[in-house]
Amino acid sequence: MAPAAASGSSSLPSGFSVFTTFPDLLFVLEFVFGGLVWILVASSLVPIPLIQGWVMFVSVFCFVATTALLVLYVMGAHGGEASWITLVFSYVATLLYVVHAVFSLIRWKSS
């Protein structure tokens with residue numbers, strides 16, 4: 001039998017071995033920095049609280065989704081197979097942050 005790397009299929013780690021691969025370590029960094037963003041945004045004072053709503057939605061959504069994916073990976077719920085859910089989450093999170101950045105820039109330029 002050929003090794004998994006030679007045959008083209010790879011298996012994802014589960015349990016605490018999740019913390020030993022580089023892509024999964026990015027989840028840990030995303031978890032830490034996502035929590036920091038959430039804390040910093042919640043503790044900032046803005047003159048119009050409505051403006052802060054979208055930022056809080058994006059940061060809380062991404063933090064909760066990252067936490068859920070990390071817990072599912074540690075539990076081994078992916079069954080060792082690559083999942084499209086992680087890819088979709090990455091695209092959605094990027095889209096949300098880009099939309100926020102564009103609207104923040106527009107609001108900043110208009111003031």
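## A residue at the surface

Does Phe22 count as buried or exposed, and what is its relative accessibility? In this predicted model, Phe22 has a relative accessibility of 60%, so this residue counts as exposed, the cut-off for that class being over 50%. Phe22 is located in helix H2, which spans residues 22-43.

Phe22 is also part of a nonpolar patch on the surface.

## The largest nonpolar core

In soluble globular proteins, nonpolar side chains tend to be buried together. The largest nonpolar core of this model has 10 residues in all: Phe27, Val58, Cys62, Ala65, Leu69, Leu70, Tyr73, Phe89, Ala93 and Leu96. Two elements, H3 and helix H4 (84-110), each give two or more residues to this core. The most comes from H3, which gives six residues.

## The aromatic pair

A pair of aromatic rings is described by the distance of the centres and the angle of the planes. One aromatic pair is found when the whole structure is searched. Its rings belong to Phe57 and Phe61, with centres 6.0 Å apart and planes at 20 degrees; the pair is therefore stacked, since planes under 30 degrees apart count as stacked.

Both residues lie in helix H3 (residues 49-75), and because they are four residues apart there, about one helical turn separates Phe57 from Phe61. Phe57 is partly exposed, at a relative accessible area of 43%. Phe61 is likewise partly exposed, and its relative accessible area is 33%.

Technical notes: Residues are numbered from 1 along each chain as its sequence is written. This is a predicted model: local features need pLDDT of at least 70, side-chain atom pairs count only at pLDDT 80 or more; totals for chains, interfaces and linings use all residues. Side-chain values use heavy atoms; hydrogens and water are left out. Rings of Phe, Tyr and Trp (its six-membered ring) pair if their centres lie within 6.5 Å; planes under 30 degrees apart count as stacked, over 60 as edge-to-face and the rest as tilted. Buried means under 20% relative accessible area, exposed over 50%, partly exposed in between (1.4 Å probe, protein chains only). A nonpolar core is a set of buried Ala, Val, Leu, Ile, Met, Phe, Trp, Tyr and Cys residues joined through side-chain atoms within 4.5 Å. Patches are made of residues with over 30% relative accessible area and no salt bridge: like charges are joined within 9 Å, nonpolar side chains (Val, Leu, Ile, Met, Phe, Trp, Tyr) within 5 Å. Accessible areas come from the Shrake-Rupley method with a 1.4 Å probe; for residues, only the protein chains shown count as cover. A salt bridge is a side-chain nitrogen of Lys or Arg within 4 Å of a carboxyl oxygen of Asp or Glu.
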